[in-house]
Amino acid sequence: IERTVAELGRCHEKLGLTGFTMTDSPEVWKLPSLHHPHWDPLWSMAQDLRLPVNFHIGSGKISDPCWEGYELPRQLAVMSVGAIMANLTCLTNLIFSGLLDRFPKLNFVSVESGIGWIPFFLEACEYQMEQNMGADRCGLKLRPREYFERQLADGVRGTRGARIERAHRHLDVVQQSLGDLAAVEVLARHLADGDVHRVVVVRGG
């Protein structure tokens, strides 16, 4: 971990690194889970340097969710949806782990996983905390929606953390058949002009 932290600092200082991608399943490589103190030096440096931690779909444990006998196109359809849902699992663990209490200024990003599932995700987290974690919330300081608002991309009440997908022909891209102009038209029906500019031009490149 010491060499990892040193390399992160070097890349930020020498190469202008503004964020990095992290696996959501270090257990696959016989390393501790992300909330384990083993990773605290990495989280501490990322927080100090204001470097967001990105979880790209498929960057962790690769499992086969397909039923037996599927041909390749059907496998790709099922696996692409499953990869998006894997990021939901990662964010769920982040919210309930206590890691966000220890590093309250460290931001996390769910990459290429869409945002349509976020309202259900937050509602489910809120319900499960209420039903299962008691009045003390197992020691957590905030509620799921509060953690999400503070440290994760905000796709429910605003566009602060939303970015448009512009990669070409990724299997997992939602509405990948939309060209840039068509995508802007879709956004424009739901967002104010300033928000469209912020998502498409400032963030989308």
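This briefing describes aromatic contacts, a surface patch and the cysteines of one protein structure. The structure is a predicted model, in which local features need pLDDT of at least 70 and side-chain atom pairs count only at pLDDT 80 or more, while totals for chains, interfaces and linings use all residues. Residues are numbered from 1 along each chain as its sequence is written, and side-chain values use heavy atoms, with hydrogens and water left out.

**Aromatic rings**

- Rings of Phe, Tyr and Trp (its six-membered ring) pair if their centres lie within 6.5 Å, and planes under 30 degrees apart count as stacked, over 60 as edge-to-face and the rest as tilted; by this rule there are 3 aromatic pairs.
- Phe55 and Phe108 form a stacked pair, with 5.9 Å from centre to centre and 10 degrees between the planes.
- Phe55 lies in strand 2 (residues 53-56) and Phe108 in strand 3 (residues 108-111), so their pair ties together parts that are 53 residues apart in sequence; strands (E, at least two residues) and helices (H or I, at least four) are DSSP runs, numbered from the N terminus.
- Both Phe55 and Phe108 are buried, where buried means under 20% relative accessible area, exposed over 50%, and partly exposed in between (1.4 Å probe, protein chains only).
- The ring centres of Trp117 and Phe121 are 5.6 Å apart and the planes stand at 80 degrees, so this pair is edge-to-face.
- Trp117 counts as buried at 11% relative accessibility, and Phe121 counts as buried at 2%.
- One aromatic cluster is formed by Trp43, Phe55 and Phe108.

**A charge over a ring**

- The charged end of Arg74 sits over the ring of Tyr70, 5.7 Å from the ring centre; the rule asks that NZ of Lys or CZ of Arg be within 6 Å of the ring centre and within 35 degrees of the ring normal.

**Around Leu31**

- Leu31 is found in the loop between strand 1 (20-21) and helix 2 (40-49), and this residue is partly exposed, with a relative accessible area of 38%.

**Cysteines**

- A disulfide is a covalent bond between the sulfur atoms of two cysteines.
- When a disulfide is taken as a pair of cysteine sulfur atoms within 2.5 Å, the count is 0 disulfides.
- Cys90 counts as buried at 8% relative accessibility, and Cys125 is buried with a relative accessible area of 3%.

**Ala124 and Pro144**

- Ala124 belongs to helix 5 (residues 118-132) and is partly exposed, with a relative accessible area of 27%.
- Ala124 and Pro144 are 20 residues apart in sequence and 9.4 Å apart in space, C-alpha to C-alpha.
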